[in-house]
Amino acid sequence: MNALPINKIFLAGFAFALTHWKKIIEISIFPVLISLPFLMIMPELLGLMEQLFSSGELLDVQLPENMMLYLVLFLYGYITLSINMYRLVILGEQSSGGFMPVLNVNKIIRFVGLTLFVGLVTVVPVMITGMPMLQLIMYFLIIPITLNFINIAIDQPSKYKWNLSFTTHMNLFFLQAILPALVGMLFAALANIIGLPPILEWTVKVILFYWTLVTLALCYQLIQANNSAQNP
């Protein structure tokens, strides 16, 4: 049984953002503020990465001062924003943190641990084999595990066996990986062809970021409702 109709979730993600835009802005203020130092040096870091991939080596490398501190602040901002967005979708506006950061150490550790697990499982095989397609394959295999980001946000135990039908599994992967990547590549191509301003491309990336957070929570909601209906 398919618990995730793509077209409905696609539209529901934007509809939710439009109807809760004030709260979304409110819970974004603190994470954005503490992420600004890292965001300001990101173009420099992207330039170093481009140099590494194009020549295979870095010459005269001078990493930005306090880069590790800025990175830690950025990651903490990302965790705070993600957790509050998931809580907003699942539990409603009264449950999200507003201007306040997430201070629950256990929740932060669990969130970081799951993030590292997903990153290692999807990136390390590519580094070993040199096959970029392997990243998509691995992400497809573990995509149900990413639903535990919601469990962490709403203080529920993690669950590593979801028993999703193939269609539901595939639709979850499409919504969280394929669709955002396709939209991002489309706007990047348009930017190169017709000269769209960079600010528009970054705006699309920000919208996609929020949309994927909202739709992952919506997918979790529908999967849980479907499981409850099947096992009353």
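**View 1. Here are the neighbours of Arg87.** Leaving out residues up to four places away in sequence, Arg87 touches Gly92, Ser95, Lys107, Ala153, Ile154 and Asp155; touching, or contact, means heavy atoms within 4.5 Å. Arg87 sits in helix α3, and helices here are DSSP runs (H or I, at least four residues), numbered from the N terminus. Is Arg87 buried or exposed? Arg87 is buried, at a relative accessible area of 15%. Buried means under 20% relative accessible area, exposed over 50%, and partly exposed in between, using a 1.4 Å probe and protein chains only. Look too for the backbone oxygen of Ala153, which is 2.8 Å from a polar atom of the Arg87 side chain.

**A note on the model.** This is a predicted model, where local features need pLDDT of at least 70 and side-chain atom pairs count only at pLDDT 80 or more, while totals for chains, interfaces and linings use all residues. Residues are numbered from 1 along each chain as its sequence is written, and side-chain values use heavy atoms, with hydrogens and water left out.

**View 2. Meet the largest nonpolar core, with 46 residues.** A nonpolar core is a set of buried Ala, Val, Leu, Ile, Met, Phe, Trp, Tyr and Cys residues joined through side-chain atoms within 4.5 Å. Met85, Tyr86 and Ile150 have the most contacts inside this core. At least two of its residues come from each of α1 (6–19), α2 (21–55), α3 (67–91), α4 (105–129), α5 (133–142), α6 (148–153), α7 (166–194) and α8 (198–230). Which helix gives the largest share? That's α8, with 10 residues.

**View 3. Zoom in on Ile150 and a second core.** Skipping neighbours within four places in sequence, Ile150 is in contact with Tyr86, Ile90, Leu216, Ala217 and Tyr220. Elsewhere, a second, separate core has five residues, including Phe38, Ile41, Leu45 and Met67.

**View 4. Two residues in the loop between α6 and α7 are Asp155 and Asn163.** Most residues other than glycine have a negative phi. Asp155, though, has a positive phi near 65 degrees, and Asn163 has one of about 55 degrees. Asp155 is partly exposed, with a relative accessible area of 46%, whereas Asn163 is exposed, at 62%.

View 5. Confidence is lowest in α2, at a mean of 81, and highest in α6, at 96.

Definitions and conventions
A polar contact is a pair of N or O atoms within 3.5 Å; within protein, one must be able to donate a hydrogen and the other to accept it, and residues adjacent in sequence count only if both atoms are side-chain atoms. pLDDT is the predictor's confidence in each residue, from 0 to 100.
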